[in-house]
Amino acid sequence: MDSAHSSRDIYLRNPDQRLVKVIVSGPFGVGKTTIIRTLSDIPPLRTEEVMTESGAVVDDLDGLKDKTTTTVGLDYGRMSLGDDLALCLFGTPGQKRFQSLWDDLTQGALGALILADTRRIADSYEVMGLIERQDLRYAVALNVFPDSPRYPDEDLRRALDLAPETPMITCDARDRRTSLDALLALAQHLLEVPELEGRR
């Protein structure tokens, strides 16, 4: 009895919470699975598979020598923001061959957090284009790796062709505080757009 009650507290803290769908996207190997695991209040759903030699031919592992698994479906986590709001975090696959999943995953989403890697900044262009074609507002989170080069913000914004109002923030996907800062930057961006008031 006690264990059942404890489990219910973890998964449904408040059945009256408003659930908001947020997409976590970015290119292959940028840290999407990691940031969802870092932020989620519940054990996250993951669809990772061990990479094979044939997959390595398709997926560019340049700069990702420690990458051994890849998401083949989606990642899912949930994070409460107060008693009345919870964010449902849906992580997309980063490879082009999984784009058929995008229409389903992005359906009903309020916005997207796009992770980028300054070692491979051009890899973000395709994902950003997909998000823009879905007409989703987004923020960009630059995930810091030990060997990440540092550039001035204005150079990065120009390289990513970001609109002036689009947030860009640096985070470490393994660190809850900076990952939360990135998610809150997206939330603030969405709240500043009046036409989103009536969207679900």
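**Starting from one side chain**

Analyst: The side chain of Asn143 comes to 2.9 Å from the backbone nitrogen of Ala173. That is a polar contact (a pair of N or O atoms within 3.5 Å; within protein, one must be able to donate a hydrogen and the other to accept it, and residues adjacent in sequence count only if both atoms are side-chain atoms). Bear in mind that this is a predicted model, where local features need pLDDT of at least 70 and side-chain atom pairs count only at pLDDT 80 or more, while totals for chains, interfaces and linings use all residues. Residues are numbered from 1 along each chain as its sequence is written, and side-chain values use heavy atoms, with hydrogens and water left out.

User: Is Asn143 buried or exposed?
Analyst: Asn143 is buried, with a relative accessible area of 5%. Buried means under 20% relative accessible area, exposed over 50%, and partly exposed in between (1.4 Å probe, protein chains only).

User: Which residues is Asn143 in contact with?
Analyst: Leaving aside neighbours within four places in sequence, the list is Val30, Gly31, Leu115, Ala116, Ser148, Cys171, Asp172 and Ala173. Contact here means heavy atoms within 4.5 Å.

User: And where does Asn143 sit?
Analyst: Asn143 is in strand β7. Helices (H or I, at least four residues) and strands (E, at least two) are DSSP runs, numbered from the N terminus. Six of the seven residues of β7 (residues 137–143) are buried, so the strand is largely enclosed by the rest of the structure.

User: What does β7 pair with?
Analyst: One partner is strand β6 (residues 111–116), which runs parallel to β7 and is joined to it by six bridges. Another is strand β8 (residues 168–171), also in the parallel sense, over four bridges. Two strands pair if DSSP finds at least two bridges between them.

User: How does the chain cross from β7 to β8?
Analyst: The path goes through helix α6 (residues 153–160), and this β-α-β crossover is right-handed. β6, helix α5 (residues 124–133) and β7 make a right-handed β-α-β unit too. Right-handed means that, with the strands pointing away from the viewer, the path from the first strand over the helix to the second runs clockwise.

User: What about Met168, where's that?
Analyst: Met168 lies in strand β8 and counts as buried at 16% relative accessibility. Met168 and Val140 are 28 residues apart in sequence, yet their C-alpha atoms are 4.7 Å apart in space. Beyond neighbours within four places in sequence, the contacts of Met168 include Leu142, Asp153, Leu156 and Leu160.

User: Switching topic: how many salt bridges are there?
Analyst: The structure holds eight salt bridges. A salt bridge is a side-chain nitrogen of Lys or Arg within 4 Å of a carboxyl oxygen of Asp or Glu. One of them links Asp41 and Arg176, with the closest N and O atoms 3.5 Å apart. Asp41 lies in the loop between α2 (32–39) and β2 (48–50) and Arg176 in helix α7 (residues 176–191), so this pair ties together parts that are 135 residues apart in sequence.

User: Last one: how many helices and strands in the chain?
Analyst: Seven helices and eight strands. Buried residues make up 46% of the 200 residues in the chain.
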